[in-house]
Amino acid sequence: MNSSCLHAALACDTCHVGQTRILTAGSPDTERFLRSRPVEALPGIGPKLGRTLTRYVVTTIGDLADLPLPTIQRITGAAAGRLLHDRAHGIDPRTVAPNGPPASLTVSRRFDADVLDPGVQRQALLDLGTDLGARLRTSRQTTRALELTVTYADRSTTTRSRTLREPTAHTPALRDALYAGGGRTGSRHGARRREAAFQLVGRV
């Protein structure tokens, strides 16, 4: 937990249901955690910019933090470069403010190595459905639509959306919807693709 939106978002992204990660601003542990995260985890960096940064061998937030500000600005533009430079160094003036239930819940799985095995992919989908279902039930919410984003080894992505017949927080229903919509995640344009990460968003 941390009063900064940046640290809170990154901490939540790495926790499963029931886990808590405490980040203290300015501590060496927090700095190591921030530097180790994938650069795409930084708010403001989407798939397109992530691929651009990869071409410059910038794959972690630490790599981005090590770049001089003028270099980042040449890649991303002046205003965006300043914002990303600050965030890569843990600087975020936004504070966490209590609010109502979120409009969506996100769970993700990043593989330690590129994956082509359908069995491993299906297990990852099951894990995502289980995790999302548990979070929905904990917050006493249901989801009416799922959005699965697959990131491939070459940093390209595909996104599939599926509207559920009725809102649910039931893990078997989420699992079945994921299997139906993402059962052939490794297939794209007729070619099998190695996968690096899954991200699942449940709209509530």
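What follows is a walk through the fold of this predicted model, from the overall layout down to a few single residues.

Some ground rules come first. Because this is a predicted model, local features need pLDDT of at least 70 and side-chain atom pairs count only at pLDDT 80 or more, while totals for chains, interfaces and linings use all residues. Residues are numbered from 1 along each chain as its sequence is written, and side-chain values use heavy atoms, with hydrogens and water left out.

The protein has eight helices and six strands; helices (H or I, at least four residues) and strands (E, at least two) are DSSP runs, numbered from the N terminus. Read from that end, the elements go α-α-α-α-α-α-β-α-β-β-α-β-β-β. Of the 204 residues, 39% count as buried, where buried means under 20% relative accessible area, exposed over 50%, and partly exposed in between (1.4 Å probe, protein chains only). Taking contacts between residues at least 6 apart in sequence, 66% join residues at least 24 apart; contact here means heavy atoms within 4.5 Å.

Helix 2 (residues 28-36) has its buried residues at Thr30, Phe33 and Leu34. Viewed down the axis of helix 2, these buried residues fall within an arc of 95 degrees, so they line one face of the helix; the arc is that of the directions from the helix axis to the C-beta atoms. On the other side of helix 2 sit Pro28, Glu31 and Arg32, which are exposed. The cover over the buried residues of helix 2 includes helix 1 (5-13), helix 4 and helix 6.

Helix 6 turns up again in a pairing with helix 5. The axes of helix 5 (residues 69-76) and helix 6 (residues 78-88) come within 7 Å and cross at roughly 130 degrees. Axes are lines fitted to C-alpha atoms, for helices over the stretch in contact, and angles run from 0 to 180 degrees between N-to-C directions. Helix 5 and helix 6 are therefore oblique to each other: angles under 35 degrees count as roughly parallel, over 145 as roughly antiparallel, 65 to 115 as roughly perpendicular and the rest as oblique. From helix 5, the contact is made by Leu69, Ile72, Gln73 and Thr76, and from helix 6 by Ala78, Ala80, Gly81, Arg82, Leu84 and His85. By type, the residues of this contact split into five nonpolar, four polar and one charged (Ala, Val, Leu, Ile, Met, Phe, Trp, Tyr, Cys and Pro count as nonpolar, Asp, Glu, Lys and Arg as charged, and the others, Gly among them, as polar).

Two loop residues have backbone angles to note. Val57, in the loop between helix 3 (47-55) and helix 4 (61-65), has a phi near 60 degrees, a positive value in a residue other than glycine. Val57 is exposed, at a relative accessible area of 63%. Arg140 lies in the loop between helix 7 (118-138) and strand 2 (143-152), and its phi is near 55 degrees, positive in a residue other than glycine. With 79% relative accessibility, Arg140 counts as exposed.

Two further residues complete the picture. Pro47 belongs to helix 3 and is partly exposed at 43% relative accessibility. The C-alpha atoms of Pro47 and Ser156 are separated by 7.2 Å, although the two are 109 residues apart along the chain. Thr168, in strand 3 (residues 157-168), is buried, with a relative accessible area of 13%. Leaving aside neighbours within four places in sequence, Thr168 is in contact with Leu136, Thr142, Thr143, Ala173 and Leu174.
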